[in-house]
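Please look at the sequence and the model first.

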Amino acid sequence: MTTTNPDLGALETDAPGPEPVSTSAHRALTSPWASIAAVVIAVLWTIPTLGLFITSFRPESDITSSGWWKIFTNPSFTMSNYDQVLHGSDTKLTTYFVNSIVITLPAVIIPISIATLAAYAFVWMKFPGRDLLFVAIFALQIVPIQVTLIPLLKLYVHPPLNLMPLAGPDAPGGGFYTLWLSHTIFALPLAIYLLHNFMSQIPGELIESARVDGAGHVQIFTRIMLPLMAPAIAAFGILQFLWVWNDLLVAITFGSPTTFPLTARLAELSGTRGNDWFLLSAGAFVSLVIPLIVFLSLQRYFVRGLLAGSVKG
Amino acid sequence: MSTGEKFIQMFIAIAVFFAVVAVILLATQRMRSRTGELAQAAAFVLPAVLLIGVGLLYPAATSIYQSLFDKTGDGFVGLDNYQTIFTDSEQLLVLRNTAAWVILVPIVSTAIGLIYAVLIDRSRFEKFAKALIFLPMAISLVGASIIWKFVYDYRDPTQDQIGVANAVLKGLGLDTYKFLLNDPWNTFFLIIILIWVQVGFAMTILSASIKAIPDDMIEAAKLDGATGMQQFRHITVPSIRPSLIVVVTTISITTLKAFDIVRTTTGGNFDTSVLAYQFYVEYFRSYNQGLATAIAVLIFLLVMPIVIYNVRQMRKLEAR
């Protein structure tokens, strides 16, 4: 939804260059109190995660009898929480981990492909009603997904024209199609809009000269546009990845216990075993590890994507 | 279904998708006539348009229509469901909580994000300091809720505490507190969770626009003898005003739609429900389709003006 100049992303990761003028302004603000305030905020923001992270490695008896900060005076570590949460018969998070992967990959790849194609057509092809259609898609970003859930669920269960129901016991693909489709649909308006913005910044002469050389739209799209769009596609891809991986609403509305991702299972555990912190702490970090890796390794793209657009459906 | 079968299904889905796209592209590639151009445009655009039409437009219109019907969707009740939202005591509580969320989360997150962005701007540890605050953005709201439920863990004052918040209270010689149970403050403690997540977003956007303030403006202010605080008030804040508005509105929209925190921490009990969660409860627990769709439409109506304002501000930001 939000769109600011994507170039801002470059500023984000810039190393401090030659002594900037505004440093003096900054220095004026930087009293010892300011530094202390910054450290306090940083510590407050880190402690909750750190606490649960440490807890996930403590033996169950320690967790229930003393605070996690006691680990510094009385260290004892174990991996058994992770072992139990991943393989234990009552939690089996490995199954849900697999579900999360199976849901997420197509739910990222498919909408981005469809949106890139559509964005290309909206920028570089001429057809009647083009602008009207684009504005309509742009406007549909305001629809919160809650408004669509119930009718969409009914469409999946009782599709018109005797089409195959995508939900229910005999659902094709193990019931994953409803999730893939829903995530695709909800991603499209924002994806088309953002990619359209990026694509219209590409100089038109590039396309024109390729046309003159006899290249068709398909060649231009695959040979010129895709490579040029790679950073934008990566940026949106990471956002979409995190949305889908971290999603709960779509998963519990359209999924079933056999297709639940980690978030849905974890929310369940939080309700039924709310005081078993040895399970919840390890479980939480099992669900966090992939987004954290993605975040830490691709932070540059992530920030760029965030600066370009952050709210959807 | 076994793990292997799931992955096979996944690869089938992706392969089928790409096969269909490839066939469409190849089929329309050779066409160079005017109709060919049209066919090509259709091949590029129609998949998206169809999905959006069937998956967004049709359901949204149906929801608005259904919100005028009763529980089962058979009897027409006019605006009764909307009347329920604004008169029923349970629903009024939901509205009160939602208002608290939508006012506090955007304002507090933006304020903390702005202060932090200014404090760490061009400091030696800027990158690291940003990553710390930003990290919660990568975590699911379910994960964040569990992290904070542990912070808020309650035990009798006589026992050893395992939740940080109550350990601090006990350390200060105070009674331990049931953070998630005691109405109305429990809503406030749930709000903190979303603030914790959203500050990273506010900081990132604001930090980028602080860096975009021209150096000569600051230099001029300095020559005029402006103190750090004056510069902040008269240069920094006015310069990044459009970004501030975009951040506040964007977080408002996110807040209105967030239901995961309430569901994971309290399940909407102890008077903590919000609109986005109540929608879910009314449909999936109370089987009241009319009321559920009415709540969804209300979220829609609340989000709409904010989105429109947000987009207009963004346009201004881009135009600069």
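## Thr104(A) and its surroundings

Leaving aside residues up to four places away in sequence, Thr104(A) touches Phe241(A), Val244(A) and Trp245(A), where contact means heavy atoms within 4.5 Å. Thr104(A) sits in helix H6 of chain A; helices are DSSP runs of H or I with at least four residues, numbered from the N terminus. A polar atom of the Thr104(A) side chain lies 2.6 Å from the backbone oxygen of Ser100(A). Thr104(A) counts as buried because its relative accessibility is 2%; buried means under 20% relative accessible area, exposed over 50%, and partly exposed in between (1.4 Å probe, protein chains only).

This is a predicted model, in which local features need pLDDT of at least 70 and side-chain atom pairs count only at pLDDT 80 or more, while totals for chains, interfaces and linings use all residues. Residues are numbered from 1 along each chain as its sequence is written, chains are lettered from A and ligands numbered from 1 in the order in which they are written, and side-chain values use heavy atoms, with hydrogens and water left out.

## The interface of chains A and B

In chain A, 126 residues are in contact with 115 residues of chain B. The area buried between the two chains is about 10600 Å², and carbon and sulfur atoms give 76% of it; buried area is the accessible area (1.4 Å probe) lost when two parts are put together, summed over both. Helix H6 (residues 93-124) of chain A gives the largest share of the side of chain A that touches chain B, with 16 residues.

Across this interface the rule finds zero salt bridges, a salt bridge being a side-chain nitrogen of Lys or Arg within 4 Å of a carboxyl oxygen of Asp or Glu.

## Salt bridges in chain B

Over all chains the count is nine salt bridges. One of them joins Asp183(B) and Arg96(B), at 3.3 Å from N to O. Asp183(B) lies in the loop between helix H7 (164-171) and helix H8 (185-211) of chain B, and Arg96(B) in helix H4 (residues 89-120), 87 residues apart. Asp183(B) is partly exposed at 36% relative accessibility, as is Arg96(B) at 37%.

Lys211(B) and Glu126(B) also form a salt bridge, with their closest N and O atoms 2.8 Å apart. Lys211(B) is in helix H8 and Glu126(B) in helix H5 (residues 126-134) of chain B, so this pair ties together parts 85 residues apart in sequence. Lys211(B) is buried at 18% relative accessibility, and Glu126(B) is buried at 11%.

Definitions and conventions:
Helix = DSSP H or I, 4+ residues; strand = E, 2+ residues; numbered from the N terminus. Polar contact = N/O pair within 3.5 Å; in protein donor to acceptor, adjacent residues only side chain to side chain.
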